[in-house]
Amino acid sequence: MSEKFDVIVIGAGPAGYVAAIRAAQLGLKTACVDAFVGKDGKQALGGTCLNVGCIPSKALLDSSKQFYNLSHNLPAHGISVENAKVDLGTFIGRKDKIVKQFTGGIGQLFKANKVTAFFGKGKLLKGNNVEITGNDGSKQTISATNVILASGSVPIELPFAKFDNKYILDNAGALDINEVPKRLGVIGAGVIGLELGSVWRRLGSEVTVLEALPDFLGVADADIAKIALKEFTKLGLDIKLGAKLSKAEIKNNTVALTYEDKDGKHELTVDKLLVAVGRRAYTDGLLADDTGVKVDERGRIVVDEHNHTGVDGVWAIGDAVRGPMLAHKGSEEGVAVAEWIAGKAGHVNLDTVPWVIYTEPEIAWAGKTEKQLKDEGVPYKVGTFPFAAIGRAVAMNEAIGQVKVIAHAETDRLLGVHMVGPGVSELIAEAVVAMEFKGSAEDLARIVHAHPTLSEAVHEAALSVDKRAIHKGN
Ligand code: FAD
Ligand code: NAD
């Protein structure tokens with residue numbers, strides 16, 4: 001007879017492992033099945049985020065920022081360092097150690113919470129049975145009252161630029177280059193293209209980014225995107241908008257690209273090409289034909305507002321379902337589903353999920369952009385405040401960007417907060433809390449903010465909504 005659990009989670013990324021831990025905390029007998037193989041050939045829990053996503057990319061972003069600052073920020077402080085060099089082995093090795101620390105940490109958390117980890121590919125069968133196929137081809141079946149599908153996402157591949165992770169790289173490949181490429185091509189000026197393009201640019205690569213759409217970073221507020229584009233151009237990212245790749249050929253240890261823009265056809269030769277044109281929900285081999293679980297036209301598992309698939313006891317969370325493909329969104333869905341299963345009140349508010357892009361300057365936002373509000377016909381008012389007028393930012397020599405607060409024109413309720421500048425990945429949390437509590441611009445304006453801190457930009461932008469910022473003209 002197959003081993004029986006209260007909950008089986010398929011996938012141990014930030015959605016799945018969090019769901020498993022929360023379910024176990026609530027007293028449910030829980031198993032988590034994951035197939036990810038780490039660099040050492042062993043099971044590596046934590047999914048895309050911990051292995052080849054959030055954590056390793058931030059490790060490289062931080063290392064490359066330190067290096068770049070030596071020549072671009074420290075001289076302004078009167079500090080000079082001659083002949084600074086990067087040892088790429090140490091650079092990548094540090095990232096690998098961090099990954100190992102965190103993926104190993106999930107294993108320890110599973111043990112501490114009595115979550116049983118299975119290593120292999122899980123397939124949902126009818127009746128909430130899960131067949132697990134090990135790497136050696138061995139099979140076993142376990143069953144549960146509830147199954148949570150958390151199979152995540154994979155990069156979208158262009159048919160004429162297939163990943164080989166030698167010349168044509170996906171996110172995993174771009175986190176593991178063993179020599180700084182002289183010329184790096186990036187397809188897609190989205191989150192991955194900008195973050196990983198920045199890493200290699202800071203180490204000296206000539207980086208050309210081809211973006212198919214005519215507007216830069218259309219998901220962000222237009223004012224914020226405009227400032228960011230100017231700064232990325234200063235960094236040396238050559239961002240070509242409205243540029244569609246039509247051919248990528250590997251020739252003489254290089255990649256020969258053909259792309260088209262409004263001026264016609266162009267050729268470009270690069271040493272490596274990162275293709276970052278979005279990700280797709282990953283459900284390959286996840287569902288037996290007769291489970292009744294549906295996928296939509298984009299391959300995402302269909303769920304209701306409670307992440308339920310409509311099939312008794314089957315739930316789905318994270319990148320595999322609708323909503324932003326962000327680690328924290330998946331984790332909160334994981335917590336909520338575990339709580340719903342345990343008969344408690346789960347809660348996820350997709351309207352206040354914060355976005356952060358960890359470039360220099362950082363970009364962060366929560367809620368609606370001005371364009372979205374205009375399209376929806378919602379009356380609004382805007383307050384902005386530049387970091388150039390924030391003492392702490394100037395002291396750091398990082399006085400770039402601004403905070404923009406958008407509030408309802410009549411009720412003053414916060415509708416969106418958008419930031420580009422130093423440390424905004426942390427500043428956005430205040431805006432999320434205020435929005436989650438249905439706060440107003442006035443609420444933010446009345447809160448005492450420590451001086452001198454970067455958070456004063458949020459305070460002043462909130463004051464500026466009613467034209468009463470103190471440290472700028474209104
Ligand atoms: P995943 O993390 O993709 O995990 C799914 C897991 O399920 C994987 O381990 C997979 O092997 C396993 N699996 C799939 N199918 C099966 C099966 N049938 N059987 C067994 N196991 C299976 N998000 C942020 O919020 N912040 C960031 O800074 C950030 N940076 C990123 C940087 C990069 C380069 C990339 C690629 C992504 C980044 N993301 C970031 C996005 C983030 O990684 C994802 O949103 C997040 O990992 C989704 O979590 P998940 O648990 O849904 O899926
Ligand atoms: P993305 O959706 O952020 O950006 C893809 C970009 O590629 C878009 O601008 C799109 O217009 C462009 N594009 C699409 N097809 C193209 C083509 N044929 N030629 C040129 N450009 C093309 O996708 P991504 O950068 O691959 O990242 C995937 C997802 O991973 C993100 O949307 C995000 O959800 C997640 N992620 C988050 C973070 C973070 O939170 N900091 C970091 C990395 C990834």
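Which side chain has an N or O atom 2.9 Å from a nitrogen atom of ligand 2? It is the side chain of Glu-195.

First, the ground rules. This is a predicted model, where local features need pLDDT of at least 70, side-chain atom pairs count only at pLDDT 80 or more, and totals for chains, interfaces and linings use all residues. Residues are numbered from 1 along each chain as its sequence is written, chains are lettered from A and ligands numbered from 1 in the order in which they are written, and side-chain values use heavy atoms, with hydrogens and water left out.

Back to ligand 2. The backbone contributes too. A backbone N or O atom of Ala-212 sits 3.1 Å from a nitrogen atom of the ligand. A polar backbone atom of Val-191 is 3.2 Å from one of its oxygen atoms. On its own, ligand 2 exposes 830 Å², and the protein buries 77% of that. Those areas come from the Shrake-Rupley method with a 1.4 Å probe; for residues, only the protein chains shown count as cover.

Who lines the site? There are 21 residues around ligand 2, and Ile-192, Glu-195, Glu-211, Met-325 and Val-356 come nearest. Near, for a residue, means one of its heavy atoms lies within 4 Å. The shell splits into 14 nonpolar, three polar and four charged residues. Here Ala, Val, Leu, Ile, Met, Phe, Trp, Tyr, Cys and Pro are nonpolar, Asp, Glu, Lys and Arg are charged, and the others, Gly among them, are polar. Helix α6 gives the most, with three residues.

A word on element names. Helices (H or I, at least four residues) and strands (E, at least two) are DSSP runs, numbered from the N terminus.

Next, the sheet. It is open, has five strands, and runs in the order β8-β15-β9-β10-β11, with parallel pairing. Two strands pair if DSSP finds at least two bridges between them. The edges are β8 and β11, each pairing on one side only.

Look at β15, residues 272-275. Two bridges join β8 to β15, and Ile-168 has Leu-273 as its bridge partner. Four bridges join β9 to β15, with Ile-187 opposite Val-275. Which residues cover the two faces of β15? Lys-272 and Leu-274 are on one side, Leu-273 and Val-275 on the other, and all are buried. Buried means under 20% relative accessible area, exposed over 50%, partly exposed in between (1.4 Å probe, protein chains only). Why two sets? Side chains in a regular strand alternate between the two faces of the sheet.

Now His-451. An unreviewed UniProt entry annotates His-451 as "active site". UniProt positions are in the numbering used here, feature names are shortened, and annotations may be inferred rather than shown by experiment. His-451 is in the loop between α12 and α13. Buried or exposed? His-451 counts as exposed because its relative accessibility is 65%. Its side chain makes a polar contact of 2.6 Å with that of Glu-456. A polar contact is a pair of N or O atoms within 3.5 Å; within protein, one must be able to donate a hydrogen and the other to accept it, and residues adjacent in sequence count only if both atoms are side-chain atoms. A cis peptide bond joins His-451 to Pro-452, with omega about -5°.

One more cis bond to check: Glu-360 to Pro-361. Pro-361 is in the loop between β18 and β19.
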